[in-house]
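This briefing concerns a single structure, shown below. The points that follow are grouped by topic.

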Amino acid sequence: MSDRLHIFDTTLRDGEQSPGCSMNIEEKMRVAHALDGLGVDIIEAGFPVASPGDFEAVHRIASEIKHARIAGLARAAEKDIERAAEAVKPAGDRARIHTFIATSPIHMQAKLRMSPEQVLDRAVAAVKQARSLAPEVEFSAEDAGRSDIDFLCRIVEATIAAGARVINIPDTVGYMIPEEFGARISELIERVPNADQAIFSVHCHNDLGLAVANSIAAVVNGARQVECTINGLGERAGNASLEEVVMILRTRSDRFDIETGIDTTRIVPASKLVSQITGMPIQANKAIVGANAFAHESGIHQDGVLKHQKTYEIMTPESVGWNTNRMVLGKHSGRAALKARYAELGIELEAEQLKTVFDRFKILADKKKDIFDEDLMAILSSDSEVDTERVKLVSLHAASGTGDTPVAAVELDIEGRIHKATGEGDGPVDAAFKAIKSLVEPNGKLLLYAVNAITAGTDAQGEVTVRLQDGDRIVNGQGSDTDIVVASAKALISALNKLPNMHAKEVHAQYSGV
Ligand code: KIV
Ligand code: ZN
């Protein structure tokens, strides 16, 4: 019998802590459904005490998600634990409170200003309180990688005795190397007398590029839960990437007799969804999910793969969701086919949403012969907020050419009133941005503008990500269209809609057609 590794996905909590990756509640719901379809065992849905928005997102995920366990993060503090318990409650017996406190000397002295005994007492009290409010409790010893091993053994034993059934050993600052981290896990399991009453988990950060290697070393040494994120998102350099951990275990099943519950064919769609929503591009040479992960450039490699796929491929692209069922949709495809394809991508559309999405699909199919999965995801991204947007694009005309100053004219619907403006710029996108920005305030500082052709061909949709900063708030917007200037305008408007106080400017430029 093979062993089971629990996949704990923290894309919606640690992943969301990546700079510029914050998601709104609808976006979180879409990611949560994709994670559930992917088969993760636990979804860490957020940090409920952090804000009312975080609380609401965790509560809604706990209410709607029907398979995965739902965890809410809480510091070892009464209020945090109460809020986390309330937020995860709708998940019933699948609810988990994940409480943590730092255990390394530097964190205890400099951050918490507490003695090790005080930290131990606080951890035990937190686990007891959490256990009285939720069916399952996970305890994390933050910065366990740099903690004293004797103290770590004591706090792990005490928190298991207090009721924690999952003990997480985070390498919070990504300092460990695989050999020592693996040894740390096996020493804990060996020395803690009640270790058999808990599942040991790891949570590795990627500051030295070792998050996945450290997680695998921990699994070799007895860890049976790995905390990870889609595309390796997470604080600073990120967390261990889910797709790499899962595919290492599967591809090297000759070394690991360990299974996960992941449907690997859903990895690439989930990765694309998270990238589109967060605006965090996937580097082309990223393992498993990068655009080049299965691209063979050199003649020798191409020749080898054509003769036998296994010459240069250790897993098939189809096994991780590349090019699976390229049932290409087009303008003759019906509503049922569209709904079925979304379901295969892990997205169940409600009747009302299907109607809107189908209309958008038909508009796109008129402009573009073949509609690929990437197009469908883009349709969904642009659809998700349309109804709640305060600003909508009504029309856009841009003109540019050699020797001419690029100009753009826009018409926006701002809270039900039509506003018009023109702009000049260094190019048609710049002109369109100036026109749009002249109509609203605050309009943020542009931090990132990225364009991606989401499928091949000159009729491909361009997908644009725009990141804006307004004070300490950073927001992302996405837009897609076969016209790159329109895609850019939609992305800017989508980001502007996420600035809470954004409104129409009282005085703005007058419309003059171009
Ligand atoms: O990196 C870390 O230590 C964490 C904990 C809250 C688990 O994210
Ligand atoms: Zn972390």
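Arg96 is buried in this predicted model, at 3% relative accessibility, where buried denotes under 20% relative accessible area, exposed over 50% and partly exposed in between (1.4 Å probe, protein chains only). Because the model is predicted, local features need pLDDT of at least 70 and side-chain atom pairs count only at pLDDT 80 or more, while totals for chains, interfaces and linings use all residues. Residues are numbered from 1 along each chain as its sequence is written, chains are lettered from A and ligands numbered from 1 in the order in which they are written, and side-chain values use heavy atoms, with hydrogens and water left out.

**Surroundings of Arg96**

- Arg96 is located in strand 5; helices (H or I, at least four residues) and strands (E, at least two) are DSSP runs, numbered from the N terminus.
- The Arg96 side chain forms polar contacts with the side chains of Glu138, at 2.8 Å, and of Gln225, at 3.0 Å.
- A polar contact is a pair of N or O atoms within 3.5 Å; within protein, one must be able to donate a hydrogen and the other to accept it, and residues adjacent in sequence count only if both atoms are side-chain atoms.
- Beyond its neighbours within four places in sequence, Arg96 is in contact (heavy atoms within 4.5 Å) with residues including Phe8, Arg69, Val88 and Val166.

**Ligand 1**

- The shell around ligand 1 consists of Arg13, Asp14, His98, Phe100, Ser140, Glu142, Asn168, Pro170, Thr172, His203 and His205, a residue being included if one of its heavy atoms lies within 4 Å.
- Strand 5 (95-102), strand 6 (136-142) and strand 7 (166-171) each contribute at least two residues to this shell.
- Oxygen atoms of ligand 1 lie 2.9 Å from a polar side-chain atom of Arg13, 3.1 Å from a side-chain N or O atom of Asp14 and 2.6 Å from a polar side-chain atom of Thr172.
- The protein buries 94% of the 260 Å² that ligand 1 exposes when taken alone; the areas come from the Shrake-Rupley method with a 1.4 Å probe, and for residues only the protein chains shown count as cover.

**Zinc ion (ligand 2)**

- Asp14 (OD), His203 (NE2) and His205 (NE2) coordinate the zinc ion at 2.0 to 2.1 Å.
- Donors are N, O and S atoms within 2.8 Å of the metal (3.2 Å for Na, K and Ca); water is not among the atoms, so sites may look incomplete.
- The donor residues follow the spacing D-x188-H-x1-H in sequence.
- Asp14, in the loop between strand 2 (6-9) and helix 1 (25-38), and His205, in the loop between strand 8 (199-204) and helix 8 (211-220), link distant parts of the chain, 191 residues apart.
- Both Asp14 and His205 are buried.

**Other buried positions**

- Glu27 lies in helix 1 and is buried at 3% relative accessible area; its side chain reaches the backbone nitrogen of Asn24 at 2.8 Å.
- Pro269, in helix 10 (residues 267-278), is buried at 12% relative accessible area.
- Apart from neighbours within four places in sequence, Pro269 is in contact with Gly321, Leu345 and Met377.

**Backbone features**

- Glu441 and Pro442 are joined by a cis peptide bond, with omega about -10 degrees.
- Arg113, not a glycine, has a positive phi near 50 degrees and is exposed at 68% relative accessibility.
- Arg236, also not a glycine, has a positive phi of about 50 degrees and is partly exposed at 44% relative accessibility.
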